[in-house]
Amino acid sequence: MIDVPVISSRGIEIATSGEISSPGIRTPFGPRPFLLPPLAPSYLLQLAVSDFVPNSLMYHGHRIGLFNTRIDASTPQLGPVMRTTCDLSTGSLFCVGDLFPTLRELLPNRAIAFVFSTIKAPAVVVRAPELGRIRFQLMGLIEVSSMDNAGETPVGSMEIHIDASMKMKMTSRAVRGRVNLETIRLISRTPQVLIQDELDDAGFLSREILQRMVNDILKQGIPIPVHPLFKLQKPKVSEIMNRLIDRKRTIGS
């Protein structure tokens, strides 16, 4: 708590300061000052949260590898497409080899794995409605490996740059984001295997795979710090410029 509670016409106003962090590691940035939202009489509790909360999670999550993920032949739904040559016995008419013809020619009939890690911390940016509201920006590295009976072999890597719109959904325990990819840019680090012209086309054609990868990163969400004595009912999220407003109906448990 950073100030004494204040009783006003709005009710009880309590100011606290907190962040999501790693033990012993300070977040190298802080929140900007902001005002409380307009009073909403139908809500018993309004909690104003700045974009510092998700971005502190992104920073420390990046440091400890929280967002690292892997997609391969064992991944539900996407597994059948993770091959250089399509396997018609799985019912899949599309596979990774269709996106990367050079890779298919060099390594035919191989299973493929994508291992993703962040190059720098992803960012959640809250803007005015005319500028796109909540934006999600990510810069990562995808390392590509082939798999056969002899094991797994690294074959190349590429950077991925993403700019996306984000929708926030609240449950009684967490706030979760889901992104819709709008700009995808793939940059080859191994142009002898992953040809840049092919990556330019793949960025458009592989939107579903990449969007699934990003949403898997965000699926854990941000926990809501609510005292056990309170129970949230029908929580809602609304946005205003430079900050998020969490509006919750609460009753004592």
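## A first look inside this predicted model

Searching the whole structure turns up one cavity of 30 Å³ or more. The structure is a predicted model, in which local features need pLDDT of at least 70, side-chain atom pairs count only at pLDDT 80 or more, and totals for chains, interfaces and linings use all residues. Residues are numbered from 1 along each chain as its sequence is written, and side-chain values use heavy atoms, leaving out hydrogens and water.

**The cavity and the pocket**

On a 1 Å grid over the protein atoms alone, a cavity is a set of points where a 1.4 Å probe fits but cannot get out; a pocket is an open set with protein on both sides within 12 Å along at least five of seven lines; lining residues have an atom within 4 Å of a point. Grid points are joined across faces, edges and corners, and a volume is the space filled by probe spheres set on the points. For the classes, Ala, Val, Leu, Ile, Met, Phe, Trp, Tyr, Cys and Pro count as nonpolar, Asp, Glu, Lys and Arg as charged, and the others, Gly among them, as polar.

| Space | Volume | Lining by class |
|---|---|---|
| Largest cavity | about 60 Å³ | eight nonpolar, one polar, no charged |
| Second largest pocket | about 210 Å³ | one nonpolar, three polar, eight charged |

Around the largest cavity sit Leu99, Phe100, Phe114, Ile142, Met158, Leu186, Ser206, Ile209 and Leu210. The lining of the second largest pocket includes Lys167, Arg176, Glu208, Arg212 and Asp216. Strand S8 (151-170), strand S9 (174-188) and helix H5 (207-218) are the elements that give two or more residues to this pocket's lining. H5 has the largest share, with six residues. Helices (H or I, at least four residues) and strands (E, at least two) are DSSP runs, numbered from the N terminus.

**The nonpolar core**

A nonpolar core is a set of buried Ala, Val, Leu, Ile, Met, Phe, Trp, Tyr and Cys residues joined through side-chain atoms within 4.5 Å. Here buried means under 20% relative accessible area, exposed over 50%, and partly exposed in between (1.4 Å probe, protein chains only).

The largest such core holds 42 residues, and those with the most contacts inside it are Phe100, Phe114, Phe136, Ile142, Val144 and Met158. S8 contributes the most to this core, with eight residues. Contact means heavy atoms within 4.5 Å. Setting aside residues up to four places away in sequence, Phe136 touches, among others, Met58, Ile162, Val179, Val214 and Leu218.

**Two loop residues**

Val193 is found in the loop between S9 and helix H4, and Val193 is buried, at 12% relative accessible area. Beyond its neighbours within four places in sequence, Val193 contacts Thr102, Leu103, Leu106 and Val155. Val193 and Val155 are 38 residues apart along the chain, with 7.4 Å between their C-alpha atoms.

Thr75 belongs to the loop between strand S4 (69-71) and helix H2 (96-99). Thr75 is also buried, with a relative accessible area of 12%. Not counting residues up to four places away in sequence, Thr75 touches Arg70 and Arg212; Arg212 is one of the residues lining the second largest pocket.

**The disulfide**

A disulfide is a pair of cysteine sulfur atoms within 2.5 Å, and the whole structure contains one. Its partners are Cys86 and Cys95, with their sulfur atoms 2.4 Å apart. The torsion about their S-S bond is about -95 degrees, so the disulfide is left-handed. Cys86 counts as partly exposed, at 24% relative accessibility, whereas Cys95 is buried, at 1% relative accessible area.
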